[in-house]
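Visitor: Please show me the structure that we are to discuss, and then take me through its contacts.

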Amino acid sequence: MTLQALLFDVDGTLADTERDGHRPAFNQAFADAGLDWHWDATLYGKLLAVTGGKERMKYYIDHFRPDYRKPPDFDEMVAALHLAKTRHYSALAAQGGIPMRPGVKRLLIESRAAGLRLAIATTTTPENVTVLLEHSLGPGTTDWFEVIAAGDIVPAKKPAPDIYHYALEKLGLAAANCLAFEDSENGLHASRGAGLKTLVTVNDYTHDHDFSGAAVVLSDLGEPDAPNTLIAGPDLGRPYVDVAYLRALHGV
Ligand code: XBP
Ligand code: MG
């Protein structure tokens, strides 16, 4: 089976969005609403067990704020907070505050030149993907991705495989012709659940996750002048991920 397409997670994989974007955006939305909700980095790391910002806010109240009395319109309140948070996230991304991780832009350019098809499979809100790509990857780069499968478009978010099944269906490809790129345990469960061989790059929030089932675990995608670190899996003898590396990994 030949390698034909690459499916990328967004948050934590394309960019360190949880650190640079989502957490500050949530806190700004809470402050705007006059709420005494504040997510520091440690608490946020725990809350990341739940994917989806709306679901994460509900999880926070249910598991960390027994003191908080939900108003009758709590679901509507969470939805409104999430819209505000997404506005703050977009502003942060539009200011260029959420840079691509090492090797991401290089690999995307190389992969396009090699004729590999590109797709996104993410839990985050579609608007967040567009604003991040436009401002951190470059103007018009959303067009590089044939499929942008994001957010509430599927009934169940990661670790459910739904978003990857949706992306594969839109691509019209079998999982065996693709590689997935992820950063977290939830993400890996989702991609593996869809039968996808998966390359994991870790970050501060996910380096201690269980990545059993990943094809390889790396510190990042690396650059010619900034080699990455192999954390688990085959040593393909290349200090950074390029198309030749992907073809070799896919063939392993
Ligand atoms: C990460 C998520 C998202 C973001 C927040 O998604 O779980 O919920 O944390 O974005 P992925 P929203 O790693 O699959 O890209 O607030 O828009 O959900
Ligand atoms: Mg992720």
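This is a predicted model: local features need pLDDT of at least 70, side-chain atom pairs count only at pLDDT 80 or more; totals for chains, interfaces and linings use all residues.

Guide: Residues are numbered from 1 along each chain as its sequence is written, chains are lettered from A and ligands numbered from 1 in the order in which they are written, and side-chain values use heavy atoms, with hydrogens and water left out.

Visitor: How many residues apart are Asp11 and Asp183, and which loops hold them?

Guide: Helices (H or I, at least four residues) and strands (E, at least two) are DSSP runs, numbered from the N terminus. Asp11 belongs to the loop between β1 (5-8) and α1 (17-32), and Asp183 to the loop between β4 (178-182) and α8 (185-193). The pair thus links distant parts of the chain, with a separation of 172 residues.

Visitor: With which side chains does the side chain of Asp11 make a polar contact?

Guide: A polar contact is a pair of N or O atoms within 3.5 Å; within protein, one must be able to donate a hydrogen and the other to accept it, and residues adjacent in sequence count only if both atoms are side-chain atoms. One contact of Asp11 has a length of 2.4 Å, and another has 2.7 Å. The partners are, respectively, Thr17 and His22.

Visitor: How many aromatic pairs does the structure hold, and what kind of pair do Phe26 and Tyr44 form?

Guide: Rings of Phe, Tyr and Trp (its six-membered ring) pair if their centres lie within 6.5 Å; planes under 30 degrees apart count as stacked, over 60 as edge-to-face and the rest as tilted. The structure holds 13 such pairs. For Phe26 and Tyr44 the centres are 6.2 Å apart and the planes make 50°, and the pair is tilted.

Visitor: Why does this pair tie together parts that are 18 residues apart in sequence?

Guide: Phe26 counts as buried at 1% relative accessibility, and Tyr44 is buried at 0%. The parts are tied together because Phe26 lies in helix α1 and Tyr44 in helix α2 (residues 41-47).

Visitor: Which residue lies over the face of Phe26?

Guide: A charge sits over a ring if NZ of Lys or CZ of Arg is within 6 Å of the ring centre and within 35 degrees of the ring normal. Phe26 is also part of one aromatic cluster, whose members include Trp37, Trp39 and Tyr205. At 4.6 Å from the ring centre of Phe26 lies Lys85.

Visitor: How many salt bridges does the structure hold, and what is the distance between the closest N and O atoms of Lys54 and Asp152?

Guide: There are 15 salt bridges in the structure. Lys54 lies in helix α3 (residues 53-64) and Asp152 in the loop between β3 (147-150) and α7 (162-171), so their pair ties together parts 98 residues apart in sequence. Lys54 is partly exposed at 24%, as is Asp152 at 49%. Their closest N and O atoms are separated by 3.0 Å.

Visitor: Is Asp242 buried or partly exposed, and which residue is its salt-bridge partner?

Guide: At 11% relative accessibility, Asp242 counts as buried. The partner is partly exposed at 35%, and the closest N and O atoms are 3.0 Å apart. That partner is Arg238.

Definitions and conventions:
Buried means under 20% relative accessible area, exposed over 50%, partly exposed in between (1.4 Å probe, protein chains only). A salt bridge is a side-chain nitrogen of Lys or Arg within 4 Å of a carboxyl oxygen of Asp or Glu.
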